Amino acid sequence: MTITQLIVCIVAGLGAGLGTGLAGLSAAAVVSPMLITFLHMPAYQAIGIALASDVLASGVSAWTYKKNKNIDIRHGVIMLISVLIFTLVGSFVSSLVPNGTMGGFSKVMTLFVGLKFIIRPIMTTKEVQANKSEKQKIQQSILCGVVIGFICGFVGAGGGMMLLLILPSVLGYELKTAVGTSVIIMTFTAHTGAISHFYIGGAPDIPILIACVISTLVFAQIGAKWANGANVKMLNRVTGILLCALGVVMLFF
């Protein structure tokens, strides 16, 4: 591994880890476009490494949110089942798509979601979710899981972002519960997506994989601990600024 590759992996892990810990975003939202943009790695392999980086980072973040009682396990598991199935479908479809299409989508999605957090922050309260019937919650969880799973498997970058957008707006989660539920789901979807990517696309670059996994894990721990003690407005603002900065840099390069 060269010094340049190591620096790119550390910076990618910094952005991905903070995004995962702060807002439950998939590490692939940052890692895959960084590897594609700066190391010129094939998009399919980059997404596989990004998803693998997400497994430990999301798992550690989920534990932190669980300790603070900010996870909806019951409906998260229901959504997880449909997410896992359609992550495999999306992963297969993405192997048929040109590299440029996938890489470009990742960069634009990163910038778009960052702007959303700044312009229209998520301020939903827990009362919104409590007012829905159990049948309605289950139906919405399954439908959302289908959409999110396909996006996660297809481009990696979309899964965590879509969870964070859909859980508050469709299911009525308040932000911290949405983040906590998002990271527990992403722990399993990232694992499934990574395995399918490596199985279809072959073994990844091991040194780059290890560097990305360690860097993402360290910064995810820092982000999750800070997020559980931060107010909602600050959480929205910091997440938005982080994603916008990364999106702009990757688009320019």
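Helices (H or I, at least four residues) and strands (E, at least two) are DSSP runs, numbered from the N terminus. This is a predicted model, in which local features need pLDDT of at least 70, side-chain atom pairs count only at pLDDT 80 or more, and totals for chains, interfaces and linings use all residues. Residues are numbered from 1 along each chain as its sequence is written, and side-chain values use heavy atoms, with hydrogens and water left out.

**View 1. Overall fold of the protein chain.** The protein chain has 11 helices and zero strands, in the order α-α-α-α-α-α-α-α-α-α-α along the sequence. Of its 253 residues, 57% are buried (under 20% relative accessible area, 1.4 Å probe, protein chains only). Of the contacts (heavy atoms within 4.5 Å) between residues at least 6 apart in sequence, 85% join residues at least 24 apart. Carbon and sulfur atoms account for 72% of the accessible surface of about 10,500 Å² (Shrake-Rupley method, 1.4 Å probe).

View 2. Helix α1 spans residues 3–23, 21 residues in total, and reaches 30 Å from its first C-alpha to its last. This is close to the 30 Å expected at 1.5 Å a residue (1.5 Å times one less than the number of residues). Gly-24 follows α1 and has a positive phi, near 70°.

**View 3. Glu-174 in the loop between α8 and α9.** Glu-174 lies between α8 (157–169) and α9 (175–201). Glu-174 is buried, at a relative accessible area of 11%. Its side chain has a polar atom 3.3 Å from the backbone nitrogen of Lys-176. The side chains of Glu-174 and Thr-177 are joined by a polar contact of 2.4 Å (a pair of N or O atoms within 3.5 Å; within protein, one must be able to donate a hydrogen and the other to accept it, and residues adjacent in sequence count only if both atoms are side-chain atoms).

Note on methods:
Buried < 20%, exposed > 50% of the residue type's maximum accessible area, 1.4 Å probe, protein only.
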